[in-house]
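User: I have a new model open and would like a plain walk through a few local features. Could you take me through it?

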Amino acid sequence: MRIVVVSAGLSVPSSTRLLGDRLAAVAAPAATAPEPGPADVEVIELRDLAVAIAHTFTSGFPGRALSDAFEAVAGADGLIVVTPVFSASYSGLFKSFFDALGVTDPDALAGKPVLIAATGGTARHSLVLDHALRPLFSHLRAVVVPTGVYAASEDWGAEGLDGRIERAAGELAALMAGLSTARPLPRRDSFEDVTPFEERLAALRPAG
Amino acid sequence: MQFGIFSVGDVTPDPTTGRTPTERERIKAMVAIALKAEEVGLDVFATGEHHNPPFVPSSPTTMLGYIAARTERLVLSTSTTLITTNDPVKIAEDFAMLQHLADGRMDLMMGRGNTGPVYPWFGQDIRQGINLAVENYALLHRLWREDVVDWEGKFRTPLQGFTSTPRPLDGVPPFVWHGSIRSPEIAEQAAYYGDGFFHNNIFWPADHTKRMVELYRARYAHYGHGTPEQAIVGLGGQVFMRKNSQDAVREFRPYFDNAPVYGHGPSLEEFTAQTPLTVGSPQQVIEKTLSFREYAGDYQRQLFLMDHAGLPLKTVLEQLDLLGEEVVPVLREEFAKDRPAGVPDAPTHPSLLAGARKQEGARA
């Protein structure tokens, strides 16, 4: 089992990354329980890929480092995605990563459990989870975990965040375990599964 | 093996002077470039087809017919002919006419086009791109092989008792390449017909080109046209040369940085590391081009993009001198080495005619 954390935090250290790490720390052992070993966790910091992400749009293909990140995401059993709130929504870098992924591999997130999380300076933006992130990942045909986790600055010194992390990470783990029994998802490789040309021709032939 | 050039026909300001050529200047420059290609010993000139500014070549057979009249040896081709939005009947007629005028010195490359609005401008739906390519080419294929065609399809008015004229020269249809950058469906189409497959790899990393070409080769063999190694493959390339590689980089950088397709993106150094673009000495161009064979196998046609991004005509002609004098002779020699005996050359009118006569002889 493998969890990939996608963090769009920009500062070092970043509370966005911190939230991603906290979620992964709870989800990793829960996803494999009762097995003793936790799920593998890989963290992708979008800051390190910022220029490569932009170049995907100007060049039309992802560079090596970004391709590796896309492969990690596509191969994950569960995703934890965390963005800071910028201008009442996810950050542009966060959206650009998933735009570039969608151009390269439109099915990368299909059927994949995704835990959505966000950080912000105030709790006033907490609906960003349900008004921005949830529709984005629904569009990408991911299975979005019911509980999203929003952490405002004040939450780091208040009660309640750990409980929300427990619940969301537990839901992700349950979905990962449940969906993994249904695997492998049929991911169609257009190079391996070519539609024979006669089928294409036949489909265009007028009836009768 | 054939070596040539392909032009997009873009009208782009020269970033070093700010000057934009007129359409007339650009059209005449394309002709001058084609004539130069023959003069320096290249084999092929191909023009793009576009229906929006800043591109001039909307009418490829007009241009190619004119060039045919002024050349002796050069094979005239397209890169690409829009099989989606052109009427296949008109393609059959126009290119058969060109074939006669050029004494068979032509072929053409089918493409879908990547400019969204061209589809509605020509009354088509871009979501049907693959289906249009499939149906229109199926009709074109018949129009050149059957004297009288009855036909009905999804996208075009039916035909009853239609004869496309002129009939192909010597009864031999022009050779067709299918160009596609990212659609396995088109590699499959090329394989089905035993036509050529051209992968315009100039903006793409090698591993992607490898997958497309491998698919085409495997399916070519599946359809019984020969071994995978006998499939007819063409590749693109993009180069800028000076004797001294630093001079090439210095001179080309402003054109690269402002180029319409990849400008304002990765650095020239990053792009040359990831794609076939080579900016340097003729020797570097030779080495890079020879490396294409490592992932595409022995192939039949190599076309270079030489005249884009606002490069002035004078510079392009100098580039063609270098290409013809210093690069292509070495490439011919090197590509011929270790080339398995069964790997064919790109089909030409004489080779196709000889093949047809041989078949007739076998039947008689």
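Analyst: Pro34(A) sits in the loop between α1 (15-32) and β2 (40-45) of chain A. Helices (H or I, at least four residues) and strands (E, at least two) are DSSP runs, numbered from the N terminus. This is a predicted model: local features need pLDDT of at least 70, side-chain atom pairs count only at pLDDT 80 or more, and totals for chains, interfaces and linings use all residues. Residues are numbered from 1 along each chain as its sequence is written, and chains are lettered from A and ligands numbered from 1 in the order in which they are written.

User: Is the peptide bond between Ala33(A) and Pro34(A) cis or trans?

Analyst: The bond joining Ala33(A) and Pro34(A) is cis, with omega about 10°.

User: And in chain B, which residues does a cis peptide bond join?

Analyst: Pro53(B) and Pro54(B) are joined by a cis peptide bond, with an omega of about 5°. Pro54(B) lies in the loop between β2 (44-47) and α2 (60-69) of chain B.

User: What about Asp170(B), where is it?

Analyst: Asp170(B) is in the loop between β7 (159-162) and β8 (176-179) of chain B. Asp170(B) is not a glycine either, yet has a positive phi of about 55°. Asp170(B) has 14 C-beta neighbours inside 10 Å, so it counts as partly exposed.

User: Why two sides?

Analyst: In a regular strand the side chains alternate between the two faces of the sheet.

User: Which strands pair with β12(B)?

Analyst: Strand β1 (residues 2-7) of chain B pairs with β12(B) in the parallel sense over 4 bridges; two strands pair if DSSP finds at least two bridges between them. Gly4(B) is opposite Leu303(B) there. Strand β10 (residues 233-241) of chain B also pairs with β12(B) in the parallel sense, over 5 bridges, and Gln238(B) stands opposite Leu305(B).

Notes. A residue is buried if 20 or more other C-beta atoms lie within 10 Å of its own, exposed if 12 or fewer, and partly exposed in between; C-beta atoms are placed from the backbone.
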